[in-house]
Amino acid sequence: MKLIAKYALAALALTSTAWGAVAQDASSSSSSIVRRNRDNDRNRNGAQSAAGVTDRMQQFYKQSDNSDADRMWMRVIYRDLELDNPKNAALYYPEDVIDGQENLFRIIMRLLAENQISAYEYLDGKEIFTDQYKLKVRDMLDRFHVLYTDAKGSTEKNPRFTIEESDVPANEVLSYYILERWEFDSRSNKTKRHVEAICPVLHRSDDFGGDAVRYPMFWVKLDALRPYMAQQYIFIDDDNNLPKYTYDDFFTLSMYDGDIYKTRNLTNKSMMQMFPDPDDRKRAQDSIQNRLDTFDKNIWVPSREEVIAAREAREAAEAAAEAAAEGTEIEARDGEAAEKAAPARTSRGSRGSATKSTAKKKTSKPKAKASKPKAAKSSSSAVRSVRRRK
């Protein structure tokens, strides 16, 4: 019995050792698989981070499009951002790359040269962001006479280019066209403004030194640019020399200022074509902007308190206008009375002056009379002397 128990214990020890070895092999294999997967993920993320933006960043900065059921109203606005405007100067400066800071056009050109983003053809009055109208970067560089060389590893399917900093025409891009989308969301009951695309405009003069001609270059969707713009901090004004905002904040918070040069319409006409007169065009632009700003307020029925407050404010304004009108009437009456009283005062003054002059004349007469007695004395003395002679 002791021998049987001893053999049984030995068999159990051998089986446990075998199962332990199998488990160890399995765990080692699983750990190697996990490690290999982690290495693959690390390599994949490293390749994306080397490109500058990961998939997670792209999903984070991508604007979520609402469904048509949530959209109750939408209007598309085209704006012209002139870079000589102080509010838009942050898009132009610095002209050259300084301490890693570069302006917006240099960022766009660098991403296009590295094939990180896609650009679309500028069609006069039409914006179609499909693969059919994707821009070929090589053709664009040749069209605008930008010097370039093929980068290392460039292929026909994945073309990449090298552009020197001095060859980038950043000083000639003096304005941008942006495409805004104003939407009223029924979920949040608010009007939201999104910048959908941006177009650099090249201002280039001819050889004879005439006026600069505008050349819209291409359209770039802002969702593709946002992850890269969020990494570049910029100066907003001269009062604070610490860059606190990014290019993404600049467009998300609507820090720019631009005139409306077109709205999406059935005839596909610009504001200049619809309103040739500059004054009429300015009034139309102001009217469109006012309707966009007050759209939220005009769609809601005011409450009872708001109606009462509006009526009281209107009555107060009317009372103030009536009081001002009465004040002007009283001032006019006082002015008329003063004008009527002015001649009477002058006549009284003339009479007083006349009496004073007569009084002066009367006082002057006794002086003349006083001189006569002197003459009389002289005559009397002469008479007396004659009498004494007698």
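## Helix 3

In this predicted model, the buried residues of helix 3 are Leu104, Phe105, Arg106, Ile107, Ile108, Met109, Leu111, Leu112 and Ala113. The helix spans residues 104–113 and is mostly covered, with nine of its ten residues buried. Asn115 follows helix 3 and has a positive phi, near 60°.

The whole structure contains 15 salt bridges. One of them joins Asp80 to Arg214, with 3.0 Å between the closest N and O atoms. Asp80 belongs to strand 1 (residues 71–82) and Arg214 to strand 6 (residues 213–216), so this pair ties together parts that are 134 residues apart in sequence. Asp80 has a relative accessible area of 14% and is buried, whereas Arg214, at 33%, counts as partly exposed.

Arg79, Glu180 and Arg193 are also linked, in a network of salt bridges.

## Salt bridges involving loops

Glu172 pairs with Arg204, the closest N and O atoms being 2.7 Å apart. Glu172 is in the loop between strand 3 (161–162) and strand 4 (173–185), while Arg204 is in strand 5 (residues 190–204); the pair therefore ties together parts that are 32 residues apart in sequence. Glu172 is partly exposed at 24% relative accessibility, and Arg204 is partly exposed at 21%.

Glu121 forms a salt bridge with Arg143, where the closest N and O atoms are 3.6 Å apart. This pair links the loop between helix 3 and helix 4 (137–143), which holds Glu121, to helix 4, which holds Arg143; the two residues are 22 residues apart. Glu121 is partly exposed, with a relative accessible area of 23%, and Arg143 is partly exposed at 40%.

Definitions and conventions:
Residues numbered from 1 in each chain as written. Predicted model: local features only at pLDDT ≥ 70, side-chain atom pairs only at ≥ 80, totals over all residues. Heavy atoms only, no water. Buried < 20%, exposed > 50% of the residue type's maximum accessible area, 1.4 Å probe, protein only. Helix = DSSP H or I, 4+ residues; strand = E, 2+ residues; numbered from the N terminus. Salt bridge = Lys/Arg side-chain N within 4 Å of Asp/Glu carboxyl O.
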